[in-house]
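Reader: I am new to this structure and would like to know what the words used for it rest on. Please show it, and then I will ask.

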Amino acid sequence: SEFECEKEVSVIFVDSAEIHEMNKNFRNIDRPTDVLSFEEFEDVYFTNTGNDSLYYSFAINGNKCFSFGNDVNINSTHGEMSEEQFNWFKQEIAKVEKDETVYVFMHQGIYNTVSGTLPGEGWHGFRNHGDEIREILKEYPNAFVFSGHNHQSLYCQRPALLGNGEEANFFNTGSCAYTLDDARENSFGSN
C-alpha cells in the first residue's frame, strides 16, 4: 500500500575516528562502522501502528500478551526500560493468574537467556530491569518470551531456554536481514 510521508534527511561525512566516537556515545559500540543512522523512531512507530505508547498489552484467544522494549536511549545496542514502563509491566502482570499462558515480545533480550545475550557475546540485552523481569516471570512457568535484536542464528548454541515448568521460556527470534553464528560470523539471509 502507498502512503504519503514527509521526511527530512541530513547526511554528514566523517572519518573513522569520529564515527568510532559516535558509535561509543550513541550505541555503546567501541569501534568504527561504515554507516550510522538514526530516524524519528517514535514518530514513525506511532504513525504506522496507531498506538500511543511504545509498550502495551493485548489478548489473543484469552492469552495475555505484552509488548515492550527499549524506551530510554533508543539508539543504544542494549535495552533500557524506563521506570514508568517497568512499573506498568509489574502492575499488569500481577493481574494475570500464575498458571495462565503469557506471551512477552521484546526487542532486546534478557541477559544470559538465549544466544546473543550470553556472557561474552557483547549484546547482553536489557541493562536495567532485565534481571527483575526474569525474576517476575519465574512465577509464570507458562510464559513465552520472544526477543531478537542480536541477529543470532537459530542454529547457535542456545536459540531457546526452556523453563521446564520452573520458570518462563525464552526464545531468540533470529533475524530477517542477516544472521550471526556462534563465532559472530556474518551470514546474509534470515532464519
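Reader: Are Tyr-55 and Trp-88 buried or exposed?
Author: In this predicted model, both Tyr-55 and Trp-88 are buried. That word requires a relative accessible area under 20%.

Reader: What makes Phe-68 and Phe-89 an aromatic pair, and what makes the pair tilted?
Author: Their rings lie 5.0 Å apart, centre to centre, with 50° between the planes. Rings pair if their centres lie within 6.5 Å, and planes under 30 degrees apart count as stacked, over 60 as edge-to-face and the rest as tilted. The pair of Phe-68 and Phe-89 is therefore a tilted one.

Reader: Why is this pair said to tie together separate parts of the chain?
Author: Phe-68 belongs to strand E2 (residues 63–68) and Phe-89 to helix H3, so the pair joins parts 21 residues apart in sequence.

Reader: How do you know whether Phe-68 is buried or exposed?
Author: Phe-68 has a relative accessibility of 3%. The limit for buried is under 20%, so Phe-68 counts as buried. Phe-89, with a relative accessible area of 0%, is buried as well.

Reader: How many aromatic pairs does a search of the whole structure find?
Author: The search finds 9 aromatic pairs. One of them is formed by Tyr-55 and Trp-88, at 5.1 Å centre to centre and 55° between the planes, and is tilted. Tyr-55 sits in the loop between helix H2 (41–49) and strand E1 (56–60), while Trp-88 is in helix H3 (residues 83–93), 33 residues apart.

Reader: Which residues do ring pairs link into a cluster?
Author: The cluster consists of Tyr-55, Phe-66, Phe-68, Trp-88 and Phe-89.

Reader: Why is Glu-167 called buried?
Author: The relative accessibility of Glu-167 is 16%. Buried means under 20%, so Glu-167 counts as buried. Glu-167 is found in the loop between strand E5 (160–161) and E6.

Reader: What joins the side chains of Glu-167 and Arg-134?
Author: A polar contact of 3.2 Å joins them, and the cut-off for such a contact is 3.5 Å. Leaving out residues up to four places away in sequence, Glu-167 touches Arg-134, Leu-137, Lys-138, Tyr-140 and Pro-141.

Reader: What does the lining of the largest cavity have, by class?
Author: It has 6 nonpolar, 3 polar and no charged residues. Among the lining residues are Met-106, Ile-110, Val-145 and Phe-170. Strand E4 (143–147) and strand E6 (169–172) each supply at least two residues of this lining. The volume of the largest cavity is about 30 Å³.

Methods. Residues numbered from 1 in each chain as written. Predicted model: local features only at pLDDT ≥ 70, side-chain atom pairs only at ≥ 80, totals over all residues. Heavy atoms only, no water. 1 Å grid on protein atoms, 1.4 Å probe; cavity = no way out; pocket = protein on both sides within 12 Å on 5 of 7 lines; lining within 4 Å. Points joined across faces, edges and corners; volume = space filled by probe spheres on them. Helix = DSSP H or I, 4+ residues; strand = E, 2+ residues; numbered from the N terminus. Nonpolar A, V, L, I, M, F, W, Y, C, P; charged D, E, K, R; others polar. Buried < 20%, exposed > 50% of the residue type's maximum accessible area, 1.4 Å probe, protein only. Polar contact = N/O pair within 3.5 Å; in protein donor to acceptor, adjacent residues only side chain to side chain. Contact = heavy atoms within 4.5 Å. Phe/Tyr/Trp six-rings, centres within 6.5 Å; stacked < 30°, edge-to-face > 60°.
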